[in-house]
Every structure is written in C-alpha cells, then in structure tokens.
There are 2 protein chains.
Amino acid sequence: MNELVVGLVQHAVGETREKTLTRTAAGVRDAAARGAKLIVLQELHCGPYFCQTEDAGVFDQAEPIPGPGTAFFAALAKELGVVLVTSLFERRATGLYHNTAVVFEADGSIAGTYRKMHIPDDPGYYEKFYFTPGDLGFTPIDTSVGRLGVLVCWDQWYPEAARLMALAGAELLIYPTAIGWDPHDTAEEQQRQREAWITVQRGHAVANGLPLVAVNRVGVETSPDGIGKQQFWGSSFVAGPQGEIVAQATTDQEETLVVAIDRARSEQVRRIWPFLRDRRIDAYGDLTKRYRD
Amino acid sequence: MNELVVGLVQHAVGETREKTLTRTAAGVRDAAARGAKLIVLQELHCGPYFCQTEDAGVFDQAEPIPGPGTAFFAALAKELGVVLVTSLFERRATGLYHNTAVVFEADGSIAGTYRKMHIPDDPGYYEKFYFTPGDLGFTPIDTSVGRLGVLVCWDQWYPEAARLMALAGAELLIYPTAIGWDPHDTAEEQQRQREAWITVQRGHAVANGLPLVAVNRVGVETSPDGIGKQQFWGSSFVAGPQGEIVAQATTDQEETLVVAIDRARSEQVRRIWPFLRDRRIDAYGDLTKRYRD
C-alpha cells in the first residue's frame, strides 16, 4: 500500500496566543509521534476566530510571511521531519492582508503558500473586511509527500476550486477551516448546515477522484462586543477518492486524528470513473460568467 | 409554502416495450393522482438499458423527436395535466443518435429537450457507441412549474453541468439515471459507489442552493450476450437546497415517490450562503482546459 499518514489537529483556542500555540504544537507532536508525515492545522489556528466583528485593531495580529510567526512552525516541521499545513493572517503590506495557508517542508523551508481565493462575508464572518481575495490562483503546492491542493474554508463550497486543483495535478485536497453554528438556529438547521459542509466536500472528492482532508476548530467563541457567538463544530475528517469517510472527529472535543490514506486508490478510482476524460470543455465557457443572463 | 409536488417513477423494465410503457404510465398516473405536478422518469425508461453491449441493431429502437414515441407521453402529460420529464433514444438523422430528455408541458406540448452532454464509456456502459454528445449546451427548460435544469445520468458526476444550469436560472436540478452495481464487485465497493452517486449530487444541491431530483431504475438486467449483468440500484431521491435528503426510494423495489418541494427554501438558503456572489470568475478560466499541464 502506497500510504500517506496524515495528522489532523482539531482544537479550541487558548487564552493567549502563546497558550494556543502550545496547544497546536502539542497536537502536531502527538500526530508526528503516531507516524504522521503530513500534518494539517485548522484555519487561523493562532488564536480566536477574530472575524465576528470588524475591528481595525485586529490588523496588529497579522504577520509577514516569512516572519517570526512562520519561524515557529518552520522549526516545528524541521524538528519533527513533517510537512505542515498552517493557516496564518498575512500582512503583505500596509493595508493589505490575506488569509494565507503556508506549507512547510519537512526541512523547515516554505514549500509554498496559498492565499484564500473565495472570501465570505455574512453575520459573524466579516472576512471581506480583513482579507483581500487571494491573487495566487488555484495552484497546488509541491512537497516531499506529494502535490497538495491546499484551499481554505469558504473555498470548500466551490466545486470550481477543487476542480482547478485537480486539473493542476493535486493529489490531495486540503481545507483548513473555521466554521460553526449560530446558537440561535434550530437543531435541525444546525444539523443541515454541518451535513451540507461535509457533503459538498465529499462531493469534491468524488468529482475529482481525490482524497480530501478538512480540519475545523472546536469550542464556543464569543465576539469581543459580547453579541456574537460561534459554536465551532469540529467534525474534521478525511474522505477517500469516492467520497467515503475514512475518519472523522467529534463536534466538540479536541482531537488529533492520524489517518493512513491509500494514495493508490485515486489511480484505481479514476480508471473506473474517468470523469476527467469526458469533461465538455467546449461547453464550459460560461463558467467564467457571474450569471448567464 | 410555495410548494411544488414532484413525482419520481422508479421501476424495472417489462418483457416488451409495451409492457414497460404500461408500467411507466401506471407510475405516472399514480403520481398524478397523489398530487404531483411535475413527474420525472428514469433514464431510457422505454426498455432495457441496451448499452451493456455494442450492437448496431439497437439503433432500430431510436425514434425521431417529435414522433410516435413522444405522442404517447404528450398525450399522458395532457390527460393528467402534469409536466413530464422523459428520457428517450433520439434518432436525429441516419447515423446520428442522442440520449435525449424530452420535457412535456401540461398541455401536451414539448417544452424543451436536453441532449446528454457527458457520455460515459466503460464496461457495461458502452454509451459512446450509441450516443453523440449533446450539442444543445447546458440550457434549462422553461415550464409552467418552473425553469428546470434537466441533465442525464453521467452528467451527475460533473459539478460544471449543475453550475451552468444554476447560472442560467434553473430552479431545480433533475437527473434521469440508469446506474447499477457490477455483481462482481465487493459489497463494500458497491456501497461506496452508491453512496458516491448520492453524495456528489447532494453536493451539487449544496453548491448551487437548489433542490435536486434523481430517478434511477431498479432490477437486474443481463446483457443479450449473457455475459454482462447490471443490478440497478434504484435509490431515487429528492434533496433540498442544503443537500438534505427529503425522500429516498429503496434499492430494489418499484416505487413512485410523491414529494413536496418548498421552492422558497432556495431563496432563504442562498441568502445565508451566497456562494454565487463570491465566485472567482477572474480565476476560473482554466476550467475550459482538459488539464492544466
């Protein structure tokens, strides 16, 4: 079996950045100790999900890439000899910020970065205030464990993003995420939302014949103004190339999943379901339109 | 509630075309009697799934559209006052055939046709021999019950098809289907395949905020040469715009589902999840490439 052992670190935030980093590092060490060669962190894992309100002071938390923040993860990746997928708040220039996934090679170097392309904005998720939409395109990142199709959170609702990564040779789709329930919603609506989030991603795995890793945080976070509250639903998971769930975490516990992915399965699955062969590229032109009206 | 009652007619084939048509018509009458205003049939419902082998004699079964075959369904739609989605083997010209969905208006007129765009070809599904790929594009069909995004079977694996229908204003995604298990596969593989088929379609519902109707046949069909065998897995279903399963048929029984779809849900869902707003159309150009190499 041509396997890749992947670690998913699902956690809540600590009281300070340092305590949160300690928590993250503990998860990474645990995953590495259990054999993971690729370790994926949740979205914006260095602290609370700060987009519940719009506050210009939060830009102080952004960091240059590379910079002191990346040095911490570079050292961790190097020490443990693992490829590490992180999710950071990038300060690119004065007044220019991105939601950026940084992938560290097992030697501590930066293998590549991905700037979140699709930026949400809805009550409690005011990301358009903080993040400039990515300008690096849907470009996979080459690493010693394979070509990684790293995307971030809101991207996960877009089949276009997954497809473009697959067409560029990604061998694995990866989504650091921060998504949760609005406590005001009914239990039924909450259930539909979580299930939809899982389903659409499993659908990307199916449509592209690729395994998929999604990592989401847990814990309840109240906004600084005391008004907003998000109950992050965890449920980090690994799906195989037929969308089958290989492993899944709970909705409310800190967990480090360590999962073996059989990389040879994509080869088999794409032979029986050769979707890439039959795409009607002659008829897809309107996908670049906002609306066909 | 702005509801649309939809009927799904899932059945096996009869010994002859006439007996199969009788079975189909019985299902349609049952659905109409139970209040359905839109009734969807399975793929190539007039007889056995003939693509298990390549046999030029089968072209005798193809029919012009409109023609004697469509007259039967036109009369049925008119008599019952329902919009009827059929799936026929179209003879367009000598040597030119399509797998074509024909939608009949409640007055018996033809509301529109869709020629299957993505054509599969794998052992037991030799469709590239029989069907010329559609040339009508991904164009929804306007009817008295709404704008219908009618696609056919293999199309269901392609997020591009669903998206293009949604971008053209489709209010409902519809898939007549003929898909089954190879009895030689393990139970685990069979389960993964059926689940993948359901999941990828639910994913289209989620990604586009649209309800979705899929109708598949049941029964075991042996190929004329006695070599092939397909066990069609039924499982016809209706999903809501968050991908939630509203109703689902069995894997092996003839059933007519009658399901109320709340058309107002898409409006609500697309307001909380405004995916169409954030599509990165500036970065989707490569979707029209075969591969990004």
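Which residue is the bridge partner of Val220(B) in β12(B)? It's Gln231(B), and you'll meet both strands again below. What you're looking at is a predicted model, in which local features need pLDDT of at least 70, side-chain atom pairs count only at pLDDT 80 or more, and totals for chains, interfaces and linings use all residues. Residues are numbered from 1 along each chain as its sequence is written, chains are lettered from A and ligands numbered from 1 in the order in which they are written, and side-chain values use heavy atoms, with hydrogens and water left out.

**The sheet in chain A**

- Helices (H or I, at least four residues) and strands (E, at least two) are DSSP runs, numbered from the N terminus.
- Two strands pair if DSSP finds at least two bridges between them.
- In chain A, six strands line up as an open, mixed sheet in the order β5-β4-β3-β2-β1-β15.
- The edges belong to β5 (110–115) and β15 (255–262) of chain A; each has a single partner strand, so one side of each has no neighbour in the sheet.
- On average, neighbouring strands of this sheet are turned by 30° against each other, direction ignored.
- Helix α1 (residues 17–33) of chain A packs on the sheet and touches β1 (3–10), β2, β3 and β15 of chain A; contact here means heavy atoms within 4.5 Å.
- The direction of α1 makes about 155° with that of β2(A). Axes are lines fitted to C-alpha atoms, for helices over the stretch in contact, and angles run from 0 to 180 degrees between N-to-C directions.
- Strands β2 (residues 38–41) and β3 (residues 83–93) of chain A run parallel and are joined by three bridges, with Leu38(A) partnered by Val83(A) in β3(A).

**Two hairpins in chain B**

- Strands β11 (residues 218–222) and β12 (residues 229–233) of chain B are antiparallel and share five bridges.
- Their hairpin has six residues between the strands, and Gly226(B) takes a positive phi near 75° there.
- Strands β4 (residues 96–104) and β5 (residues 110–115) of chain B also pair in the antiparallel sense over five bridges, and Phe104(B) stands opposite Ile110(B) in β5(B).
- This hairpin has five residues between its strands, with Gly108(B) in the turn at a positive phi of about 90°.

**Helix packing in chain B**

- Helices α4 (residues 159–167) and α5 (residues 187–208) of chain B pack at an angle of about 35°, and their axes are 10 Å apart.
- α4(B) crosses α5(B) in a right-handed way. A crossing is left-handed if the near helix is turned anticlockwise from the far one by less than a right angle, and right-handed if clockwise.
- On the α4(B) side, Pro159(B), Ala162(B), Arg163(B) and Ala166(B) make the contact, and on the α5(B) side His204(B), Ala207(B) and Asn208(B) do.

**Buried spots and rings**

- Buried means under 20% relative accessible area, exposed over 50%, and partly exposed in between (1.4 Å probe, protein chains only).
- Leu210(B) sits in the loop between α5 and β10 (212–216) of chain B and is buried at 2% relative accessibility.
- Not counting residues up to four places away in sequence, Leu210(B) touches several residues, including Ala166(B), Leu172(B), Pro241(B) and Arg270(B).
- Rings of Phe, Tyr and Trp (its six-membered ring) pair if their centres lie within 6.5 Å; planes under 30 degrees apart count as stacked, over 60 as edge-to-face and the rest as tilted.
- The whole structure has 52 aromatic pairs over all chains.
- Among them is the tilted pair of Phe59(B) and Tyr130(B), at 5.5 Å centre to centre with 55° between the planes.
- The two partners are 71 residues apart; Phe59(B) is buried at 15% relative accessible area, and Tyr130(B) is buried at 1%.

- Most residues other than glycine have a negative phi, and most peptide bonds are trans.
- The bond from Ile65(A) to Pro66(A) is cis, with omega near 0°, and Pro66(A) lies in the loop between β2 and α2 (68–80) of chain A.
- Ile65(B) and Pro66(B) are joined by a cis peptide bond too, with omega about 0°.
- Ser235(A) isn't a glycine, yet it has a positive phi of about 65°; Ser235(A) is buried, at 0% relative accessible area.
- Ser235(B) has a positive phi of about 65° as well, and it's buried at 0% relative accessibility.
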